[in-house]
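Please open the model in a viewer and follow the stops below in order. Each stop names a selection and then states what is found there.

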Amino acid sequence: MADAVLMGEQIEDDEVQEILKTGTDLRQYSAQIEKEFKEVENRSIDDYIKESQNIANLHNQIGNTSNILERMESMLMDIQDALNNISTEITSLQKKSVSMSVQLTNRQSIRAQISQFVEDMAVPEEMVSCIMDSPVTEKEFVTHLNELNHKLNLMKELNFKESKSSQDVSDVLQKLKIKAMSKLRLYLMEQIYKFRKPMANYQIPQNAMLKYKFFFEFILSNERAVAQEICNEYVDTMSKIYYSYFKSYSTRLGSLKFEEAVSKDDLMGLDDSGPKGIFSKTSSLKNKSTVFSIGDRGEVLNQQLEAPIIVPHAQQKFRYAYEALFRSEQYALVDNACREYLFVTDFFVVRGPQAQELFNQIMGKTTALLIKNLEAYVQDCYDTIALFLCIQLCFRYQLMCHKRCVPALDKYWDNLHAVIWPRFEQVFRLNIQSIQDCDPTKFPKETGPHYITRRYAEFSAAIVGITENFPNELVSHMLLELQEEVKCFMLRMAAIFTTRKEQLIYLINNYDLVLGVLMERTRDNSKEAEAFRELLSTRSAEYVEEILAPHLGGIIQFVKDCEQMRDKEQTEELKRQERRSLQLVANFSANWKKSLEELNREVFLSFPSLVTGSQLLQLALAQLVQYYHKFYKLLTPNARAQLVNIHVIMIEVKKYKSNF
């Protein structure tokens, strides 16, 4: 707008400037312009007059159009009001729809609950008929009994809430409950009475009771007095059955024991010429192991651990060691007790202390009987291995019970340990004491293995072998005490020999016996085996020096003296030993073959074990060759030329190599 005004002003200025340039009078020019404006105005009026009719028509049309727009505005306002009403109605309908949906959901939920409630409350005629007339073992009876139990539980809940609806069916349900209880009690009592029949296999009625264990759950839920009656009857019946069975079984097993028992005269250190025991060579049981050897008795812990129990009437011609009878008796108890505990917890629905108490009521008299029988045997028992095997059997059967998830016998195993262990320790220490009290002068002077050593070797191997999988610190300590006493006894026995060589032969024979037995029946790296291996090695080396001395004593002493001189750098003194060395060379060259023969004969006459003799001979020959090498290095060239060639000696030594 401002630009247009400026432009107009610019044009006027141009016109004014143009007029001024031409010299025109401005008043004349203004009059002329005014005249022109008049003419234009007159022409415009004429034009308006000519178009007046059209303008009037246009005015009328504009008026008509305004009326039409007013009517359209009115119609649109009406439509807007209608749409507002429709929106309000839609909102109202949506609210009603949501409300009706909620009402429908609630009514459907209530309907389902009411339908279920009515169904739970109603007592069908079929149920009444089945509970009253059908046998309890039929499938339909069990099904209806479950339904009845559900209705009774619901009734208890409604009665607690003082619901009036329960009064309509309460009387019918109570009568059905009484009838069902009567039939279930009769059935369970009949099953329990079947246990009392002679020669009855009580597992069959137990399985039948487990199949219908819901019967007892129903009784327990609805009438605890009846449930307690059934439980008491079962406990009383089974307690008497188990007691009677194990009392008879223990008595019959007792008749299968060896007639001769291990006595106090069978201790390790007692004279072998005294009274014989259960496994002595003069006994009627001479084919059995000795008192101190385990033999096949350890099988009760391995292959026989879960073997079938001994049947006394079928094996009357056989006789057994006590641990075999003990194993059979305890395995029978484990088998029956585990099955009984699992039955009790499953059928009578008890756990923890309640299950333990119920189990004790059933098996208490039986376990007390077995403990009493064990006490009677243990108080006069001197069979250490039997006692220890029984202890190990208790460990293994307790572990077996735990694997079967039966902790109920834990106290029983503790009681057995309390009975056996003190006696085992007492008898073990009596054996140690018997070795302490041994008088070596009463035994014959023989360099071979002593029978007490053999007893110790067999006994130690037995105990170590048994404890490999179940180590016991106290047992290890007592074994160490026994080992020390046996070592002392061997040294006391060796002292009765006059020469050192005889003493060494005696010690080697006995150490070798112990080591051989231990390595055969236990691990090579057991502490006992290592101890005697070290002793044997030390004594063997000393023995080799002893037997080499008569044949090679001069050379051995020469080597020791010259090595000492060499270490002290006494060169002149070494040179003066040539004369001595020439005498030794001449003597050795003349007698070395004879010396080898005498060594061979002496060693094999001294040791009953060919293997031990061969090992000692090879050790002696190796030591001889070693001294010979040292001797050779210390000789002068003149003396070396007169010495027998080492290869000749080696060829001769190989002739004495044994195949053992």
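Begin by selecting E229 and R185, whose side chains meet in a salt bridge with an N to O distance of 2.5 Å. The model is a predicted one. This pair links distant parts of the chain, with E229 in helix 9 and R185 in helix 6 (residues 170-194), 44 residues apart. E229 has a relative accessible area of 33% and is therefore partly exposed. R185, at 32% relative accessibility, also counts as partly exposed.

Next, select E233 and R196. Their side chains meet in a salt bridge of 2.1 Å, N to O. Here too the pair links distant parts of the chain: E233 belongs to helix 9, whereas R196 lies in the loop between helix 6 and helix 7 (203-211), 37 residues apart. With a relative accessibility of 42%, R196 counts as partly exposed.

**From helix 10 to a loop**

Move to D335 and R404, which form a salt bridge whose closest N and O atoms are 3.7 Å apart. D335 is in helix 10, and R404 is in the loop between helix 12 (384-403) and helix 13 (410-436); the pair, 69 residues apart, links distant parts of the chain. Both residues are partly exposed, D335 at 31% relative accessibility and R404 with a relative accessible area of 27%.

Across the whole structure, a search finds 17 salt bridges.

**The largest pocket**

Now turn to the largest pocket, which has a volume of about 700 Å³. Two elements each give two or more residues to the lining: helix 9 (224-254) and helix 10 (322-347). Helix 9 gives the most, with seven residues.

Colour the lining by residue class: 13 residues are nonpolar, six are polar and four are charged.

Finally, colour the model by domain. Why does the largest pocket lie between domain 2 and domain 3? Domain 2 (125-222) and domain 3 (257-270 + 289-437) both give residues to the lining, so the pocket lies between them.

Notes
Residues are numbered from 1 along each chain as its sequence is written. This is a predicted model: local features need pLDDT of at least 70, side-chain atom pairs count only at pLDDT 80 or more; totals for chains, interfaces and linings use all residues. Side-chain values use heavy atoms; hydrogens and water are left out. On a 1 Å grid over the protein atoms alone, a cavity is a set of points where a 1.4 Å probe fits but cannot get out, and a pocket is an open set with protein on both sides within 12 Å along at least five of seven lines; lining residues have an atom within 4 Å of a point. Grid points are joined across faces, edges and corners, and a volume is the space filled by probe spheres set on the points. Helices (H or I, at least four residues) and strands (E, at least two) are DSSP runs, numbered from the N terminus. Ala, Val, Leu, Ile, Met, Phe, Trp, Tyr, Cys and Pro count as nonpolar, Asp, Glu, Lys and Arg as charged, and the others, Gly among them, as polar. Domain bounds come from an automatic or database domain assignment. A salt bridge is a side-chain nitrogen of Lys or Arg within 4 Å of a carboxyl oxygen of Asp or Glu. Buried means under 20% relative accessible area, exposed over 50%, partly exposed in between (1.4 Å probe, protein chains only).
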